[in-house]
Amino acid sequence: MGIVAGLDSSSAFTRIVVCDTDTGAVLRQGYAPHPLPTGEPGETSPYEIDPQAWLLSLGEAAGGGILEGVQAIGVSAQQHGLLALDAQGALVRPALVGSDKRAQVAAADLVERLGGRAGWVEAVGSVPQHAQPVAKLAWLARNEPEAARRTAVLMQPHDWLVWQLLGRPARRTTDRGGASGTGYWSAATGSYRPDLVELALGHMAMLPEVLGPADAAGTTPEGLLISAGTGETMAAALGLGVGPGDAVVSLGASGSVMAVHHEALAEPGGLITSLADASGMHLPVVNTSNAVRPLRGTAELLGTDLAGLSELALKSTPGAHGLVLLPYLEGERTPNLPHTAGTLTGLRRDSMKPEHLARAAFEGMLCGLVDALDVLRTRGVPIRRVFLLGAAAELPAVQAAAPGLFGTQIVVPQPADYAALGAARQAAWALGVAQGTLAAHTPPAWPAAAAQVFEPDGELPAWQAVRQQYVATREQVHPGAFLA
């Protein structure tokens, strides 16, 4: 028996779970919010942070002997952050975080400079978006040229935290998962594209060494092993225990659909973002601009909340009495319709009732996510079950409709710190490999996440008809949207 810890530094807090290496059982837990930024009103930005706040939060979360007896630590952290360092390892400016939208124009410019979306897909398996480090570099070069000129080393949040835990050694590392989200590393080739860093920043910069899933980043002077670390998405997938045949659908304001696959996938239009996972496999992702967003909008229109909207929807029947909602309230990424709006069709006197509109909102949201899943299915990704994540996954209307619309088993995991658990599992893996008790190609077998499971029922043909009506409406309003 051994003891390992998983550390998840999210955008707002640090969570630590301490686990048994053999069973995955959680022995102890720690939590601390990130300190609030200091400074006069108007001087602080929601898009950047002094990363020392992450270390302060980590120290508080680890208080009270939480890490006593721990032999290895895995680090998960918020994705798409960028830390630009000078040649001596000092930050040239505060860290830029993933939610920063200031790089939207820079991202669009990068797309054009490489000959369009297809050029980027061929290069790194994804098209630059504002959140990615490559777009942040282009923004930095355009808006803060002096900081860009001083930038000599590039890191992401989990890279920087691992480096700090190891005492800031000369060697800097990352993992496949984190590297695959930068916009300058290809999951297909397993290599960096330094020319894309130069394209964005204006000159070359040092990039972290990319470690394998079971590799150790190093050992502290006290003998504590630090594993490779990874991004929150990859850590959560490892913590959930998803594998080939599994898809994960995340229900936030926007949505994402990802699946574990044996090879990197790309799509010429850039609908697929080709990521690597934390187990040695691949994690193709398809994003949507709208998920819970249309539910909240409909709830506000009807003067209720999400729970009330779900209750209303269950008073209707599959097909919402003919109403079909295309939920493109913020434009849409899948299909690529960034400037469109939502559409409600099928209005008749007898369908103009709150319960039918509520039902159409749930069906429209889920059908939009099925569209995203079908992008993966058409590329040969087998899907035998779908994990639904997010608070909206607990709504009865979602659980009633999802099995029929997705056409597969639906798994709704119980709430847990899956990113921290994944980081702990990675630490156990690296420790086992170092001790010779685990193979480098197989992570430790921890129990699956506790979950509710929903199967398609006898109404599957009715749900398939709902899906067909949605597709027909989408094709009528936006003909050839998935062929553009």
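Throughout these legends, buried means under 20% relative accessible area, exposed means over 50%, and partly exposed lies in between (1.4 Å probe, protein chains only). The model is predicted, so local features need pLDDT of at least 70 and side-chain atom pairs count only at pLDDT 80 or more, while totals for chains, interfaces and linings use all residues. Residues are numbered from 1 along each chain as its sequence is written, and side-chain values use heavy atoms, with hydrogens and water left out.

**View 1. E48 and its two arginine partners.**
Welcome to the first stop, where E48 forms a salt bridge with R102, the closest N and O atoms lying 3.0 Å apart. (A salt bridge is a side-chain nitrogen of Lys or Arg within 4 Å of a carboxyl oxygen of Asp or Glu.) Because E48 sits in strand β4 and R102 in the loop between β7 and α2 (104–113), the pair ties together parts that are 54 residues apart in sequence. Helices (H or I, at least four residues) and strands (E, at least two) are DSSP runs, numbered from the N terminus. With a relative accessible area of 31%, R102 is partly exposed.
The side chain of E48 also meets that of R93 in a salt bridge, at 3.0 Å from N to O. This pair, too, links distant parts of the chain: E48 belongs to strand β4 (residues 48–49) and R93 to the loop between β6 (83–85) and β7 (95–96), 45 residues apart. Is R93 buried or exposed? R93 counts as buried, at 10% relative accessibility, and E48 is partly exposed at 23%.

**View 2. A salt bridge between two strands.**
Here D246 pairs with R385 in a salt bridge, and the closest N and O atoms are 2.6 Å apart. The two residues come from distant parts of the chain, D246 from strand β16 (residues 246–251) and R385 from strand β22 (residues 385–389), 139 residues apart. D246 is buried, with a relative accessible area of 2%.

**View 3. A salt-bridge network that includes R474.**
Salt bridges that share partners join D371, D374, R377, R467, R474 and E475 into one network. To find R474, look in helix α15 (residues 460–477); this arginine is buried, with 7% relative accessible area. Its side chain makes a polar contact with the side chain of D371 at 2.7 Å. (A polar contact is a pair of N or O atoms within 3.5 Å; within protein, one must be able to donate a hydrogen and the other to accept it, and residues adjacent in sequence count only if both atoms are side-chain atoms.) Leaving aside neighbours within four places in sequence, R474 is in contact, meaning heavy atoms within 4.5 Å, with L326, Y328, D371, P479 and F482.

**View 4. The surroundings of R172.**
R172 lies in the loop between α6 (157–165) and β9 (173–175). At 15% relative accessibility, R172 counts as buried. Which residues surround R172, apart from neighbours within four places in sequence? The contacts are G89, V153, M155, W163, M206, P208 and E209.

Most residues other than glycine have a negative phi, and most peptide bonds are trans. With that in mind, visit T334 and P335, which are joined by a cis peptide bond with omega of about 5°. P335 is found in the loop between β20 (324–326) and β21.
Next comes H80, a residue other than glycine with a positive phi, near 70°. H80 lies in the loop between β5 (72–77) and β6 and is partly exposed, at 23% relative accessibility.
H321 likewise has a positive phi, near 60°. Its place is the loop between α11 (306–313) and β20, and H321 is partly exposed, with a relative accessible area of 39%.

C19 is buried, with a relative accessible area of 0%, and C367 counts as buried at 1%. How many disulfides does a search of the whole structure find? The search finds 0, where a disulfide is a pair of cysteine sulfur atoms within 2.5 Å.
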